[in-house]
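User: I'm new to this structure and would like a close look at a single part, the open sheet. Could you walk me through how its strands are put together?

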Amino acid sequence: MAKDKRSKASGPPPPAANPTPTAAAAASTRPSWPPFKPALPVVDLTPESLVQDKVVVLRSFFPRSLCRDYVSFLRELPLITTPGKPKRGDAVRVNDRYQIDDPLFAQRLWTETGLKEVVLNKNVARLWGGEVVGLNSNIRIYRYTAGQFFDAHYDDSNNVTINPETGGGGSSTTPVPARTTWTLLLYLTSSADGCIGGETVFYPHDRRSAKEEIAVSLETGMLLLHKHGHDCMLHEGREVTAGEKWVIRTDLCVKR
Ligand SMILES: O=C(O)CCC(=O)C(=O)O
Ligand SMILES: [Fe+2]
């Protein structure tokens, strides 16, 4: 697939940064995400490079028990099965999805998990394309059941605003203009939970090729980061053939 004809990972744009009628009303419709228990991180988080400067994983980012809690919780959310026909140029995504603009959850994932410390560590800080200020508040939940997949595509970089929220009804600090640079995928299930298939597969040379592919197998609780935007690698979520693949998706954001 030529890059100029590349298909983009699509979806409705995230809700406006200032939701109506009031931010308080919008906040009340956000999910009551389970607490991060036990306190995170549970292991020494060590970034492991799978593709130099392009794909990094953190294994056991969520412990298995927390992944189970999250899957039980997420299955009660109103997931929407992908509409059949994608817009021209958009990747075919066949899965069930839930999307919410939730700055507070994005901030919790960033600050209450150990992620911030790992990402800002001087050994890896140069990777992210700028000064990382947090995670995209556009939180996406994917469930893939047997026969579902996300066809090959590239992820775009988007301009966003990071709205640090205090959560307790306190004052918000100044919004920070930012840009997404790396995709974040947190896998909540794997073959250990009966999910077969569903690998995230990267193609380094802009063509689907079994010889060249780098297939990342699901691991329960593993967090994967991959570079996106102009030098995003072509990639896909391979078909799930049994069980359920559950993923939390957001993005790393740098100051703009
Ligand atoms: O589910 C996956 O493995 C890939 C998801 C993906 O490519 C995306 O969210 O853009
Ligand atoms: Fe993608």
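Analyst: A quick word on terms: two strands pair if DSSP finds at least two bridges between them. Strands are DSSP runs of E with at least two residues, helices are runs of H or I with at least four residues, and both are numbered from the N terminus. This is a predicted model, where local features need pLDDT of at least 70, side-chain atom pairs count only at pLDDT 80 or more, and totals for chains, interfaces and linings use all residues. Residues are numbered from 1 along each chain as its sequence is written, while chains are lettered from A and ligands numbered from 1 in the order in which they are written.

Let's start in the sheet with β8 and β15. β15 covers residues 234-237, and two bridges hold it to β8 in the antiparallel sense. Here F150 sits opposite G237 of β15. F150 in β8 is also the bridge partner of R93. That contact belongs to the antiparallel pairing of β4 (residues 93-94) with β8 (residues 149-153), which has two bridges.

Now the whole sheet: five strands line up as β4-β8-β15-β12-β13, open and with antiparallel pairing. β4 and β13 (214-216) each have a single partner strand, so they stand at the edges, with one side of each left without a neighbour in the sheet.

At the β13 end, β12 (residues 200-203) runs antiparallel to β13, and three bridges join them. In that pair, F202 faces I214 of β13. As for side chains, in a regular strand they alternate between the two faces of the sheet.
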